[in-house]
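Q: Could you walk me through this one? I'd like to start with the strands and then move on to the helices and the chain contact.

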Amino acid sequence: MNIATQNGKKLQLNKNMLSSYGTIVAGLGIIFAFSIMSPNSFATIDNMIGITRQIAFLVIIAVGATLVMSVKEFDLSIGAMASLGGVVSAKLAAAGVPVIICLIVPIMIGFIIGVINGAIITKFNVISFVTTLAMGTILGGVTFWLTGGSTVFENIPESFKYVGQTNLAMIPLLSIIMIFIVVIFWYIMSQMSLGRRFYAIGGNERASQVSGINIKYYKTISFALCGMLAAFTGALLASRLGSAHPTGGDGFFLNAYAAVFLGMTVVRSGIPNIIGTLYGAAILGVLANGLTIIEVPSYMQDIITGAIIIIALIVQKLGRDS
Amino acid sequence: MVLLQMKQISKVFGDMKALNSINLSIEQGKIHSLVGENGAGKSTLIKILTGVYQSTSGELFCEGSKVDIKAPKDAQQLGIHAIHQDRQLIPYFNGLENLYLNDPYPLKRGLFGINWRKMKAEAELLKRKWGIDIPLDIPAFKMTPSEQTLLEILRAMNSDSKILVLDEPTASLSDKESELLFSFIERLKNQGVAIIYISHRLEEVIRISDKVSVLTGGKLTTTLNKDELSKELIIHHMTDGEALRTVEKKHEKEPNNKDILLQVNDLRTKDQRVKKADFTLHSGEILGVYGLAGAGRTETLEAIYGLRSIDHGEIRYKGKPILKPSPGKMLQNGIAMIPENRHEEALIMSNTIKDNMTLPIISSVTDKGKINKKKEDTLVDGEMERFKIKATSMKQRVAELSGGNQQKVVFGKALLTEPNIYMCDEPTQAVDIMTRTEIHMFLKKQSELGDGVIFVSSDINEILEISDRVLVFSEGKTVSVLENHNLTTNEILDICYKTKMEGVAK
């Protein structure tokens, strides 16, 4: 009898620890494992810096997804939005438009699409999941229309590629932009009234409404910010590659949500948060990088990544229920 | 023959006794009605019978042998079925599919497939046996309310129900449909089914019942036989004899027409839950609002606060008409709402005390978008002090607090908006006695400072205890305003049931 209760207690303790630190321990474990398996390619400063550049796109787009998820909605059009943003910026660059305009125009388009998403969802009270899925389809169509289905790569000036390819004192400019965005949105979400309102709506929409918060307005803002970040991600990707493929950003959408969900497991409360998202994207980035270095085929990488996300979710749920 | 016997059944929630030693016998082929005010314990009793709750103490006997109802499944196996006000039907399933919701579908012999023909034949037989003619080939959401009720009863009969609980079955029915239901109930009774009937409509209770048991504050006051039933007697027992005692008015103030804070004229909501609300709220007064369940009290407050669409009518705040009310606008005007449903409408359970309290006023503690945490903490500290909120810190999540302390957070949150009208919907529901008194004292103090309080409660004695005037709602309308001067519970209940009866007689 005594032993049984003791074991029960011990088990619960372990469960709590798993849920609070499980994801962090797993992340460290992954880094450790890769470092042993490939000390000369993985565990180098150059590769670590490289990872920060590789994950920049995922982090920026996932920060946007975090905002929408903080109000308990989904935006599934972010992948298509990124593709469109990349194509638009590359086209503008090819037409000789100044670089700063090439970056600002996609952001503005992302803002407008985000507002339209938010307006439809809040005005007609329809499900964001389906609405944004349909919007993503529309955006995909528009992107094909603009490009005729082919990659935009001709006449792209070096000045446009500068943003995505240059380093400032060893650190890639992309990594710096990523950190800048993470800091800004961490500040918004944790220090400003805007973040407080987002989380209030996500926590209990009805109670927030009774507290005088304009739900429609703030939800629309979250979609607008998300659209901006998604389009910006696409523009940065085009700058990095010096070209834009009409479906180039599509793949980010699933990984972005994977990063947010992984991030939610880092903090015990299980709410979407910017630092968690950064961490989630970093784990995914390290995995992709390390598995490529030790020459695991890409299909195997997909299987491993998917499995890790599922395990993280289960572990977190187990811990919270106990 | 006694089918079901309850012996000393008690149910305790926290430190509240919802049921206190109930003894009740349900006989075969008899209609046994349960009456009582809102919160008297009727639904708790039914939930124990149907396995939703377990009794804290006491014993249940079914046909002489002791039984243990631990889950709804157990109750169904004993042949106890309940028809609730909210339908237990799948809207998009047709009548036949709903009829077989709890039973296995008949399968084709030797083949894997549903024997629809057999199912239909069985259903027809069932319909004929009970003399019910409802269409079974249309989805449930296309049926009329009475067809839905009949379908649910038919389903209970399909599982050989011996005891049928009907909870306010006529609430959504027209008079003609009610008549149809009564004749059906009569047929069930003649076939030996025991009926437990719950209704606020005393008229119909008296008409159809063989026995009426009266519940008051979790206690069974009396059980009356058919030959002694009268409305006066039932109301007398419902008010626990207290009706004869006059409740003293707590503080006297002459309402002054110059100080009208809020005026509501001919208010009607789009969903018709409020049909005609007319009342005024004066500065320095506590306006008690009473009505039976579904009378439109909550809905009226929601309409004023902008949570429910208004069809027509006028809301004036200090003489100024308020067009298109919204919670934000009302809060700015100084009107705060304490909603009935604390967990769903008043608080964000997963958030901290602090985050909850400052949510409506977050702009006022924000400098250029950044929250001034010092200012915020000072405000929250002040309210926690004022209401003596027991918590580890202001960063504790409200989900971890007791009901009373949660409600204090709600009041602190409202007070931070510096309102001069408090619209309180059941503010003392599920709070301990101490907190209840504190809330009463707080509201009285605020009214003495010149604020106006609208106080909705289903506890009629509480209404008499705290109100200056009492507004009575019935069937979506304000039917009466009474000065709380030698007012008795009897007078108020009389108005409620009389207007309810007129509604039926029409």
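A: A definition first: two strands pair if DSSP finds at least two bridges between them, and helices (H or I, at least four residues) and strands (E, at least two) are DSSP runs, numbered from the N terminus. This is a predicted model, in which local features need pLDDT of at least 70 and side-chain atom pairs count only at pLDDT 80 or more, while totals for chains, interfaces and linings use all residues. Residues are numbered from 1 along each chain as its sequence is written, with chains lettered from A and ligands numbered from 1 in the order in which they are written.

Q: OK, what do β9(B) and β10(B) form?
A: They form a hairpin with two residues between them, and B:Gly217 in the turn has a positive phi of about 50°. Six bridges join β9(B) to β10 (residues 219-225) of chain B, the two running antiparallel, and B:Leu215 stands opposite B:Leu220 in β10(B).

Q: And which way does β3 of chain B pair with β9(B), parallel or antiparallel?
A: Parallel: β3 (residues 31-35) of chain B pairs with β9(B) over four bridges, and B:His32 has B:Lys211 in β9(B) as its bridge partner.

Q: Why is β9 of chain B described as largely enclosed?
A: Because five of the six residues of β9 (residues 211-216) of chain B are buried, the strand is largely enclosed by the rest of the structure. Buried here is a count: 20 or more other C-beta atoms within 10 Å of the residue's own, against 12 or fewer for exposed and partly exposed in between, with C-beta atoms placed from the backbone. For chain B, buried residues make up 42% of the 506 residues.

Q: Now chain A: how do α2 and α10 pack?
A: Helix α2 (residues 45-70) of chain A and helix α10 (residues 215-241) of chain A pack at about 170°, with axes 8 Å apart. That makes α2(A) roughly antiparallel to α10(A), a label for angles over 145 degrees, whereas under 35 is roughly parallel, 65 to 115 roughly perpendicular and the rest oblique.

Q: And how many residues of chain B touch chain A?
A: 22 residues of chain B are in contact with 18 residues of chain A, contact meaning that the C-beta atoms, placed from the backbone, lie within 7 Å. On the chain B side, α10 (327-333), α11 (342-346) and β18 (370-371) each supply at least two residues.

Key:
Axes fitted to C-alpha atoms, helices over the stretch in contact; angles between N-to-C directions. Contact = placed C-beta atoms within 7 Å.
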